[in-house]
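Have the viewer open and let's take a walk through this fold together. We'll stop at a few spots, look around at each one, and then move on.

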Amino acid sequence: DGGISVAAVAGDPFKAVGVMGIFYEKAFPVAKTALKRARFEGFTEAGTEKKGFLRATGGQNCEFSGARLSAGMGFSEYLTEGGINPHIDDPDDPPRAFALLPYTDGDGTRKKALMYVSELGVSYIYNSVRNAFDFTMHVFDDIPAMVPVYGEDGTAKLAFCSADGIWLYDKATKMTKIYAERASTLACAFHERLFFVERPFCVRYCAPLAHTFWTDSADEGGHVEFPSEEGEIVGLEAMNEAVYVFRERGIVRLDARGAAREFSAQAVPYGGGKILEGSIGACGEKIFFLTEDGAYAFDGKTARRIAEASPLSLPTGRQVCEHAAYNGKYFLRYTAENGEKKLWILDAASERGYFSAPFVGALSETENAMLCLVGGKICAADSAGKLPAGEEYVFETASDFGIRGRKLWKTLILKGAGGCVAEVGNGYETKRREM
(Lines give C-alpha, C1' and ligand atoms only; values in the text may rest on other atoms or scores of the structure.)
Protein backbone atom coordinates (compact mmCIF):
# COMPACT_ATOMS: atom_id res chain seq x y z
CA ASP A 1 0.00 0.00 0.00
CA GLY A 2 1.10 3.60 -0.64
CA GLY A 3 -0.20 7.03 -1.53
CA ILE A 4 0.52 10.68 -2.22
CA SER A 5 -1.19 13.62 -0.54
CA VAL A 6 -1.63 16.83 -2.60
CA ALA A 7 -2.73 20.19 -1.15
CA ALA A 8 -3.16 23.65 -2.69
CA VAL A 9 -0.84 26.41 -1.63
CA ALA A 10 -2.60 29.62 -0.51
CA GLY A 11 -2.47 32.36 -3.18
CA ASP A 12 -1.35 29.93 -5.87
CA PRO A 13 -4.26 28.68 -8.03
CA PHE A 14 -4.13 24.95 -8.36
CA LYS A 15 -4.30 23.48 -11.76
CA ALA A 16 -5.00 19.83 -12.20
CA VAL A 17 -2.15 17.89 -13.64
CA GLY A 18 -1.77 14.28 -14.19
CA VAL A 19 -0.36 12.23 -11.37
CA MET A 20 0.90 8.75 -11.75
CA GLY A 21 2.62 6.56 -9.14
CA ILE A 22 3.97 3.07 -9.19
CA PHE A 23 4.26 1.44 -5.77
CA TYR A 24 6.06 -1.75 -4.91
CA GLU A 25 5.45 -3.81 -1.82
CA LYS A 26 8.70 -4.06 0.15
CA ALA A 27 9.60 -7.65 0.74
CA PHE A 28 11.77 -8.54 3.77
CA PRO A 29 13.79 -11.76 3.56
CA VAL A 30 12.56 -14.46 5.83
CA ALA A 31 15.07 -15.08 8.64
CA LYS A 32 16.50 -18.53 8.56
CA THR A 33 16.16 -20.29 11.89
CA ALA A 34 17.08 -23.71 13.06
CA LEU A 35 16.42 -25.43 16.34
CA LYS A 36 19.64 -26.75 17.77
CA ARG A 37 20.32 -28.62 20.96
CA ALA A 38 23.56 -28.38 22.92
CA ARG A 39 24.03 -31.25 25.33
CA PHE A 40 26.73 -31.41 27.97
CA GLU A 41 27.36 -34.60 29.89
CA GLY A 42 28.91 -32.94 32.91
CA PHE A 43 31.00 -30.18 34.43
CA THR A 44 34.72 -29.75 34.76
CA GLU A 45 36.95 -27.32 36.64
CA ALA A 46 38.95 -24.43 35.25
CA GLY A 47 42.15 -25.43 33.50
CA THR A 48 40.74 -28.75 32.27
CA GLU A 49 39.38 -29.31 28.77
CA LYS A 50 37.05 -32.27 28.24
CA LYS A 51 34.86 -32.80 25.21
CA GLY A 52 31.17 -32.66 26.00
CA PHE A 53 31.73 -30.97 29.38
CA LEU A 54 31.04 -27.42 30.49
CA ARG A 55 34.32 -25.96 31.71
CA ALA A 56 34.31 -23.51 34.59
CA THR A 57 35.73 -20.06 33.89
CA GLY A 58 34.91 -18.82 37.38
CA GLY A 59 32.93 -19.57 40.49
CA GLN A 60 33.55 -20.89 43.98
CA ASN A 61 32.51 -23.45 46.60
CA CYS A 62 31.62 -26.07 43.98
CA GLU A 63 33.24 -29.50 43.95
CA PHE A 64 33.75 -31.60 40.83
CA SER A 65 33.37 -35.36 41.14
CA GLY A 66 33.32 -37.37 37.94
CA ALA A 67 30.85 -35.50 35.74
CA ARG A 68 28.87 -34.10 38.64
CA LEU A 69 28.86 -30.66 40.17
CA SER A 70 28.11 -30.59 43.88
CA ALA A 71 28.29 -28.36 46.94
CA GLY A 72 31.81 -28.01 48.31
CA MET A 73 33.09 -28.07 51.86
CA GLY A 74 31.10 -26.19 54.47
CA PHE A 75 31.88 -25.17 58.03
CA SER A 76 30.10 -25.76 61.33
CA GLU A 77 30.68 -24.39 64.80
CA TYR A 78 33.27 -26.35 66.76
CA LEU A 79 31.75 -27.81 69.92
CA THR A 80 33.64 -28.92 72.99
CA GLU A 81 32.89 -32.26 74.64
CA GLY A 82 30.40 -30.30 76.74
CA GLY A 83 28.59 -29.09 73.60
CA ILE A 84 29.79 -25.48 73.82
CA ASN A 85 31.23 -23.31 71.08
CA PRO A 86 34.07 -21.51 72.93
CA HIS A 87 33.95 -17.74 72.93
CA ILE A 88 36.98 -15.66 71.89
CA ASP A 89 37.50 -13.11 74.66
CA ASP A 90 39.70 -10.65 72.75
CA PRO A 91 38.42 -10.05 69.17
CA ASP A 92 41.27 -7.59 68.60
CA ASP A 93 43.77 -10.43 69.04
CA PRO A 94 42.06 -13.41 67.34
CA PRO A 95 43.42 -16.98 67.11
CA ARG A 96 46.07 -17.68 64.51
CA ALA A 97 46.51 -21.43 65.14
CA PHE A 98 44.60 -24.14 67.03
CA ALA A 99 45.53 -27.53 68.53
CA LEU A 100 43.86 -30.28 70.54
CA LEU A 101 45.76 -31.61 73.58
CA PRO A 102 44.74 -35.11 74.77
CA TYR A 103 44.69 -35.56 78.55
CA THR A 104 43.21 -37.76 81.28
CA ASP A 105 40.65 -36.21 83.58
CA GLY A 106 40.63 -36.77 87.37
CA ASP A 107 38.16 -39.65 87.01
CA GLY A 108 40.29 -41.36 84.37
CA THR A 109 38.27 -40.15 81.38
CA ARG A 110 40.27 -39.42 78.22
CA LYS A 111 39.54 -35.94 76.90
CA LYS A 112 40.94 -33.29 74.59
CA ALA A 113 41.56 -29.68 75.51
CA LEU A 114 41.37 -26.94 72.89
CA MET A 115 44.37 -24.61 72.70
CA TYR A 116 45.19 -21.68 70.48
CA VAL A 117 47.90 -19.10 69.90
CA SER A 118 46.73 -15.60 69.00
CA GLU A 119 48.09 -13.26 66.34
CA LEU A 120 50.24 -11.60 69.02
CA GLY A 121 51.66 -14.97 70.12
CA VAL A 122 49.60 -15.33 73.31
CA SER A 123 48.78 -18.96 74.15
CA TYR A 124 45.49 -20.11 75.70
CA ILE A 125 43.85 -23.37 76.81
CA TYR A 126 40.13 -23.95 77.23
CA ASN A 127 38.88 -24.47 80.78
CA SER A 128 35.84 -26.77 80.64
CA VAL A 129 34.87 -25.87 84.22
CA ARG A 130 34.70 -22.12 83.65
CA ASN A 131 33.73 -22.52 79.96
CA ALA A 132 36.38 -19.96 79.07
CA PHE A 133 39.98 -19.80 77.90
CA ASP A 134 42.82 -19.57 80.42
CA PHE A 135 46.13 -17.86 79.73
CA THR A 136 49.02 -20.36 79.85
CA MET A 137 51.39 -17.65 81.09
CA HIS A 138 53.49 -17.71 77.94
CA VAL A 139 53.78 -15.40 74.92
CA PHE A 140 55.69 -16.48 71.80
CA ASP A 141 57.68 -14.24 69.49
CA ASP A 142 55.97 -15.81 66.48
CA ILE A 143 53.22 -18.32 65.69
CA PRO A 144 54.68 -21.69 66.70
CA ALA A 145 54.04 -25.06 65.15
CA MET A 146 52.10 -27.19 67.66
CA VAL A 147 53.18 -30.82 67.25
CA PRO A 148 51.56 -33.66 69.27
CA VAL A 149 54.17 -35.91 70.97
CA TYR A 150 54.15 -38.60 73.68
CA GLY A 151 56.44 -39.21 76.62
CA GLU A 152 57.83 -42.53 77.86
CA ASP A 153 54.86 -42.92 80.21
CA GLY A 154 52.40 -42.41 77.35
CA THR A 155 51.49 -38.89 78.44
CA ALA A 156 50.34 -36.75 75.52
CA LYS A 157 52.04 -33.39 75.16
CA LEU A 158 52.19 -30.53 72.71
CA ALA A 159 55.56 -29.35 71.46
CA PHE A 160 55.49 -25.64 70.63
CA CYS A 161 58.22 -25.05 68.06
CA SER A 162 59.12 -21.40 67.57
CA ALA A 163 62.07 -19.20 66.70
CA ASP A 164 62.91 -18.66 70.37
CA GLY A 165 63.12 -22.39 71.21
CA ILE A 166 61.07 -25.53 71.79
CA TRP A 167 58.48 -25.62 74.58
CA LEU A 168 56.55 -28.58 76.00
CA TYR A 169 53.09 -28.47 77.56
CA ASP A 170 50.96 -31.31 79.01
CA LYS A 171 48.20 -29.43 80.91
CA ALA A 172 49.34 -30.87 84.24
CA THR A 173 52.52 -28.76 84.32
CA LYS A 174 53.43 -25.29 83.15
CA MET A 175 54.97 -24.50 79.78
CA THR A 176 58.55 -25.87 79.89
CA LYS A 177 61.40 -24.90 77.59
CA ILE A 178 63.20 -28.05 76.38
CA TYR A 179 65.51 -26.53 73.78
CA ALA A 180 66.87 -23.06 74.41
CA GLU A 181 69.01 -22.52 71.33
CA ARG A 182 67.88 -21.39 67.91
CA ALA A 183 64.83 -23.21 66.53
CA SER A 184 62.00 -22.56 64.04
CA THR A 185 58.35 -23.21 63.28
CA LEU A 186 59.28 -25.94 60.77
CA ALA A 187 58.84 -29.23 62.63
CA CYS A 188 57.31 -32.71 62.57
CA ALA A 189 57.14 -35.89 64.67
CA PHE A 190 58.37 -39.22 63.32
CA HIS A 191 59.06 -42.58 65.00
CA GLU A 192 58.80 -41.13 68.53
CA ARG A 193 61.27 -38.33 67.73
CA LEU A 194 60.68 -34.63 67.24
CA PHE A 195 62.43 -33.05 64.24
CA PHE A 196 62.80 -29.33 63.60
CA VAL A 197 64.83 -26.99 61.40
CA GLU A 198 67.51 -25.46 63.62
CA ARG A 199 69.27 -23.40 60.97
CA PRO A 200 68.62 -22.77 57.24
CA PHE A 201 70.60 -25.90 56.31
CA CYS A 202 70.32 -28.03 59.50
CA VAL A 203 67.68 -30.40 60.94
CA ARG A 204 67.90 -31.37 64.63
CA TYR A 205 66.17 -34.31 66.31
CA CYS A 206 65.74 -35.63 69.87
CA ALA A 207 66.10 -39.13 71.29
CA PRO A 208 63.04 -41.43 70.98
CA LEU A 209 60.43 -40.51 73.61
CA ALA A 210 63.00 -38.24 75.27
CA HIS A 211 62.15 -34.73 74.16
CA THR A 212 64.72 -33.12 76.42
CA PHE A 213 67.69 -35.04 74.96
CA TRP A 214 69.07 -33.17 71.93
CA THR A 215 72.80 -33.68 72.41
CA ASP A 216 74.67 -35.15 69.44
CA SER A 217 75.18 -38.89 69.92
CA ALA A 218 75.49 -42.04 67.86
CA ASP A 219 72.01 -43.42 68.57
CA GLU A 220 69.96 -40.78 70.43
CA GLY A 221 69.77 -37.05 69.66
CA GLY A 222 71.70 -35.17 67.01
CA HIS A 223 71.49 -33.16 63.82
CA VAL A 224 71.88 -33.53 60.04
CA GLU A 225 73.42 -30.89 57.81
CA PHE A 226 72.00 -30.35 54.31
CA PRO A 227 74.41 -27.99 52.54
CA SER A 228 73.69 -27.49 48.83
CA GLU A 229 72.81 -24.93 46.20
CA GLU A 230 69.09 -25.81 46.37
CA GLY A 231 68.35 -23.09 48.91
CA GLU A 232 67.27 -22.99 52.53
CA ILE A 233 65.00 -25.57 54.14
CA VAL A 234 61.37 -24.44 53.94
CA GLY A 235 59.52 -27.45 55.35
CA LEU A 236 59.55 -30.89 57.00
CA GLU A 237 56.88 -33.52 56.44
CA ALA A 238 56.65 -37.16 57.53
CA MET A 239 55.08 -39.68 55.14
CA ASN A 240 55.49 -43.35 54.25
CA GLU A 241 58.21 -44.20 56.77
CA ALA A 242 60.42 -41.21 55.97
CA VAL A 243 60.90 -37.55 56.76
CA TYR A 244 61.00 -35.36 53.66
CA VAL A 245 63.10 -32.22 53.83
CA PHE A 246 61.86 -29.54 51.44
CA ARG A 247 64.27 -26.91 50.26
CA GLU A 248 63.51 -23.87 48.14
CA ARG A 249 64.42 -25.81 44.99
CA GLY A 250 64.85 -29.41 46.05
CA ILE A 251 63.56 -32.35 48.09
CA VAL A 252 65.57 -34.77 50.26
CA ARG A 253 64.30 -38.08 51.65
CA LEU A 254 65.60 -38.68 55.18
CA ASP A 255 65.32 -42.29 56.34
CA ALA A 256 65.18 -41.72 60.10
CA ARG A 257 64.09 -45.13 61.35
CA GLY A 258 65.97 -46.94 64.07
CA ALA A 259 69.20 -45.72 65.65
CA ALA A 260 70.55 -42.33 64.61
CA ARG A 261 73.72 -43.88 63.23
CA GLU A 262 71.59 -45.65 60.61
CA PHE A 263 69.97 -42.47 59.29
CA SER A 264 70.50 -41.85 55.57
CA ALA A 265 69.57 -39.05 53.19
CA GLN A 266 68.88 -39.19 49.47
CA ALA A 267 67.99 -36.38 47.07
CA VAL A 268 64.73 -36.75 45.15
CA PRO A 269 64.63 -35.45 41.54
CA TYR A 270 62.82 -32.13 41.36
CA GLY A 271 62.81 -29.53 38.58
CA GLY A 272 59.89 -27.30 39.51
CA GLY A 273 59.68 -23.72 40.70
CA LYS A 274 60.66 -22.27 44.04
CA ILE A 275 58.79 -24.07 46.85
CA LEU A 276 56.85 -21.75 49.14
CA GLU A 277 57.11 -22.09 52.91
CA GLY A 278 53.85 -22.77 54.75
CA SER A 279 52.25 -24.65 51.86
CA ILE A 280 53.84 -28.10 52.38
CA GLY A 281 51.38 -30.64 53.77
CA ALA A 282 50.74 -34.40 53.66
CA CYS A 283 47.24 -35.52 52.71
CA GLY A 284 46.56 -39.19 52.14
CA GLU A 285 49.48 -40.80 50.31
CA LYS A 286 50.78 -37.54 48.84
CA ILE A 287 52.42 -34.31 49.92
CA PHE A 288 51.08 -31.17 48.28
CA PHE A 289 52.87 -27.86 48.07
CA LEU A 290 52.76 -24.54 46.24
CA THR A 291 55.53 -23.13 44.07
CA GLU A 292 56.05 -20.01 42.00
CA ASP A 293 54.77 -21.91 38.96
CA GLY A 294 51.74 -23.63 40.51
CA ALA A 295 50.77 -26.48 42.83
CA TYR A 296 52.57 -29.84 42.96
CA ALA A 297 51.79 -33.34 44.19
CA PHE A 298 54.59 -35.53 45.57
CA ASP A 299 54.21 -39.29 46.14
CA GLY A 300 57.58 -39.91 47.78
CA LYS A 301 59.36 -40.54 44.49
CA THR A 302 58.17 -38.01 41.96
CA ALA A 303 56.95 -34.43 42.23
CA ARG A 304 54.68 -33.35 39.40
CA ARG A 305 52.74 -30.22 38.68
CA ILE A 306 48.99 -30.49 39.04
CA ALA A 307 47.66 -29.46 35.62
CA GLU A 308 44.31 -28.41 37.07
CA ALA A 309 46.01 -25.93 39.35
CA SER A 310 46.91 -23.52 36.52
CA PRO A 311 44.31 -20.90 37.65
CA LEU A 312 46.37 -20.25 40.80
CA SER A 313 47.84 -16.79 40.18
CA LEU A 314 50.76 -15.97 42.43
CA PRO A 315 52.57 -12.69 43.09
CA THR A 316 56.31 -12.30 42.91
CA GLY A 317 58.31 -11.90 46.10
CA ARG A 318 57.68 -13.37 49.54
CA GLN A 319 54.47 -15.36 49.88
CA VAL A 320 52.80 -16.18 53.19
CA CYS A 321 50.85 -19.43 53.03
CA GLU A 322 48.97 -21.59 55.50
CA HIS A 323 47.67 -25.10 54.95
CA ALA A 324 45.87 -27.99 56.62
CA ALA A 325 44.56 -31.44 55.67
CA TYR A 326 41.35 -33.14 56.69
CA ASN A 327 39.32 -36.10 55.42
CA GLY A 328 41.18 -36.39 52.13
CA LYS A 329 41.12 -32.64 51.44
CA TYR A 330 44.10 -30.32 51.26
CA PHE A 331 43.34 -26.73 52.30
CA LEU A 332 45.63 -23.93 51.12
CA ARG A 333 45.30 -20.24 51.93
CA TYR A 334 47.55 -17.84 50.03
CA THR A 335 47.68 -14.35 48.54
CA ALA A 336 46.76 -14.01 44.86
CA GLU A 337 48.49 -11.81 42.31
CA ASN A 338 45.95 -9.02 42.85
CA GLY A 339 46.60 -9.05 46.61
CA GLU A 340 43.39 -10.89 47.53
CA LYS A 341 43.36 -13.78 49.98
CA LYS A 342 42.38 -17.13 48.44
CA LEU A 343 41.29 -20.41 49.99
CA TRP A 344 41.82 -23.36 47.68
CA ILE A 345 40.48 -26.82 48.57
CA LEU A 346 41.90 -29.82 46.74
CA ASP A 347 40.67 -33.41 46.75
CA ALA A 348 43.80 -35.51 47.30
CA ALA A 349 42.57 -38.56 45.39
CA SER A 350 41.29 -36.87 42.22
CA GLU A 351 43.60 -33.82 42.47
CA ARG A 352 40.67 -31.59 41.52
CA GLY A 353 40.19 -28.38 43.44
CA TYR A 354 38.05 -25.29 43.82
CA PHE A 355 38.10 -21.90 45.53
CA SER A 356 36.15 -21.39 48.73
CA ALA A 357 35.44 -18.69 51.33
CA PRO A 358 38.61 -16.53 51.33
CA PHE A 359 38.15 -15.08 54.82
CA VAL A 360 38.31 -18.47 56.57
CA GLY A 361 41.57 -18.21 58.54
CA ALA A 362 43.75 -19.87 61.18
CA LEU A 363 43.72 -23.19 59.30
CA SER A 364 44.78 -25.83 61.81
CA GLU A 365 45.10 -29.56 61.27
CA THR A 366 44.30 -31.71 64.30
CA GLU A 367 43.91 -35.44 64.81
CA ASN A 368 40.21 -35.54 63.99
CA ALA A 369 39.24 -32.10 62.67
CA MET A 370 40.38 -29.14 60.62
CA LEU A 371 39.80 -26.16 62.90
CA CYS A 372 39.59 -22.58 61.66
CA LEU A 373 38.23 -19.13 62.42
CA VAL A 374 35.10 -17.99 60.56
CA GLY A 375 33.47 -14.67 61.32
CA GLY A 376 35.04 -14.52 64.78
CA LYS A 377 33.85 -18.02 65.70
CA ILE A 378 35.83 -21.23 66.12
CA CYS A 379 34.63 -23.61 63.42
CA ALA A 380 35.51 -26.96 61.87
CA ALA A 381 35.48 -28.03 58.24
CA ASP A 382 32.33 -30.07 57.67
CA SER A 383 31.10 -31.59 54.39
CA ALA A 384 27.56 -31.26 55.75
CA GLY A 385 28.16 -27.77 57.12
CA LYS A 386 27.06 -24.41 55.77
CA LEU A 387 28.94 -21.68 54.00
CA PRO A 388 29.78 -18.49 55.89
CA ALA A 389 27.26 -15.64 55.57
CA GLY A 390 27.45 -13.94 52.17
CA GLU A 391 28.97 -16.95 50.41
CA GLU A 392 27.24 -18.87 47.60
CA TYR A 393 27.82 -21.99 45.56
CA VAL A 394 28.66 -20.59 42.12
CA PHE A 395 29.60 -22.22 38.81
CA GLU A 396 30.43 -19.83 35.97
CA THR A 397 31.14 -20.60 32.35
CA ALA A 398 31.67 -18.41 29.27
CA SER A 399 30.88 -20.42 26.16
CA ASP A 400 29.25 -20.31 22.72
CA PHE A 401 27.89 -23.77 23.59
CA GLY A 402 29.28 -25.11 20.33
CA ILE A 403 26.91 -22.94 18.24
CA ARG A 404 28.33 -20.00 16.31
CA GLY A 405 26.56 -16.73 15.58
CA ARG A 406 23.55 -15.14 17.18
CA LYS A 407 21.44 -17.35 19.37
CA LEU A 408 18.13 -17.16 21.16
CA TRP A 409 18.21 -19.38 24.22
CA LYS A 410 14.78 -20.99 24.48
CA THR A 411 15.09 -23.78 27.03
CA LEU A 412 17.57 -24.83 29.73
CA ILE A 413 17.31 -28.27 31.28
CA LEU A 414 19.43 -29.21 34.29
CA LYS A 415 19.50 -32.73 35.66
CA GLY A 416 20.24 -33.23 39.34
CA ALA A 417 18.87 -32.91 42.84
CA GLY A 418 18.09 -29.73 44.74
CA GLY A 419 17.46 -26.18 43.61
CA CYS A 420 19.56 -23.44 42.06
CA VAL A 421 19.41 -20.05 40.38
CA ALA A 422 20.40 -19.90 36.70
CA GLU A 423 21.82 -16.55 35.61
CA VAL A 424 22.39 -15.88 31.90
CA GLY A 425 24.18 -12.84 30.51
CA ASN A 426 25.22 -11.74 27.02
CA GLY A 427 27.26 -8.66 27.82
CA TYR A 428 24.25 -6.32 27.64
CA GLU A 429 21.70 -7.79 29.98
CA THR A 430 21.40 -10.52 32.57
CA LYS A 431 18.41 -12.67 33.46
CA ARG A 432 17.93 -14.86 36.53
CA ARG A 433 15.58 -17.79 36.98
CA GLU A 434 15.06 -20.01 39.97
CA MET A 435 15.03 -23.70 39.13
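What follows is a tour of a predicted model, taken one neighbourhood at a time.

Let's begin with a sheet. Four strands line up in the order β7-β8-β9-β10, paired antiparallel in an open sheet. The edges are β7 and β10 (132-139), each of which pairs on one side only. From one strand to the next, the twist averages 30°. If you're wondering what holds such strands side by side, strands of a sheet pair through backbone hydrogen bonds, either parallel or antiparallel. Zoom in on β8 and β9 and you'll find three bridges joining these antiparallel strands.

Now step off the end of β8. Glu119 sits in the loop between β8 (110-118) and β9 (122-127). Although Glu119 and Pro95 are 24 residues apart in sequence, their C-alpha atoms are 6.0 Å apart in space. Setting aside neighbours within four places in sequence, Glu119 is in contact with Asp93, Pro94, Arg96 and Ile143.

Asp93 deserves a stop of its own. Asp93 belongs to another loop, the one between β6 (74-77) and β7 (95-104). Here's the curious bit: Asp93 is buried yet has no salt bridge, and the nearest side chain of opposite charge, that of Arg96, is 8.9 Å away. So what does lie 3.0 Å from a polar atom of the Asp93 side chain? Look to the backbone: the nitrogen of Leu120 is there. Not counting residues up to four places away in sequence, Asp93 touches Ser118, Glu119, Leu120 and Val122.

Lys329 lies in strand β28 (residues 329-335), and with a relative accessibility of 11%, Lys329 counts as buried. Which side chains make polar contacts with Lys329? Glu63 does, at 2.4 Å, and Asp347 does too, at 2.9 Å. Beyond four places in sequence, the residues that Lys329 touches include Met73, Cys283, Ala324 and Ile345.

Strand β15 (residues 187-190) is joined to strand β16 (residues 193-199) by four bridges, with the two running antiparallel. Phe190 stands opposite Arg193 in β16. The β15-β16 hairpin has two residues between its strands, and His191 takes a positive phi near 50° there. Carry on to β16 and strand β17 (residues 202-205), which pair in the antiparallel sense over four bridges. In that pairing, Arg199 stands opposite Cys202 in β17.

Together with Glu198, Arg204, Asp216 and Glu225, Arg199 is linked into a network of salt bridges.

Leu236 is placed in strand β19 (residues 233-238), and at 5% relative accessibility, Leu236 counts as buried. Leaving out residues up to four places away in sequence, the contacts of Leu236 include Ala187, Cys188, Phe195, Phe196, Val197 and Val203. Val243, Tyr244 and Val245 are also among them.

Last stop: charges. The structure holds 21 salt bridges. In one of them, the side chains of Glu45 and Arg352 meet at 2.8 Å, N to O. This pair links distant parts of the chain, 307 residues apart: Glu45 is in the loop between β1 (42-44) and β2 (53-55), while Arg352 is in strand β30 (residues 352-356). Both Glu45 and Arg352 are buried.

Two other pairs are worth a look. Asp134 and Arg130 meet in a salt bridge of 2.4 Å, N to O, and Asp134 counts as partly exposed because its relative accessibility is 22%. Arg257 and Asp255 form a salt bridge of 2.9 Å, N to O. In that pair, Arg257 is partly exposed at 35% relative accessible area, whereas Asp255 is buried at 14%.

Key
Residues are numbered from 1 along each chain as its sequence is written. This is a predicted model: local features need pLDDT of at least 70, side-chain atom pairs count only at pLDDT 80 or more; totals for chains, interfaces and linings use all residues. Side-chain values use heavy atoms; hydrogens and water are left out. Contact means heavy atoms within 4.5 Å. Buried means under 20% relative accessible area, exposed over 50%, partly exposed in between (1.4 Å probe, protein chains only). Lys and Arg count as positive and Asp and Glu as negative; His and the chain ends are not counted. A salt bridge is a side-chain nitrogen of Lys or Arg within 4 Å of a carboxyl oxygen of Asp or Glu. A polar contact is a pair of N or O atoms within 3.5 Å; within protein, one must be able to donate a hydrogen and the other to accept it, and residues adjacent in sequence count only if both atoms are side-chain atoms. Two strands pair if DSSP finds at least two bridges between them. Axes are lines fitted to C-alpha atoms, for helices over the stretch in contact, and angles run from 0 to 180 degrees between N-to-C directions.
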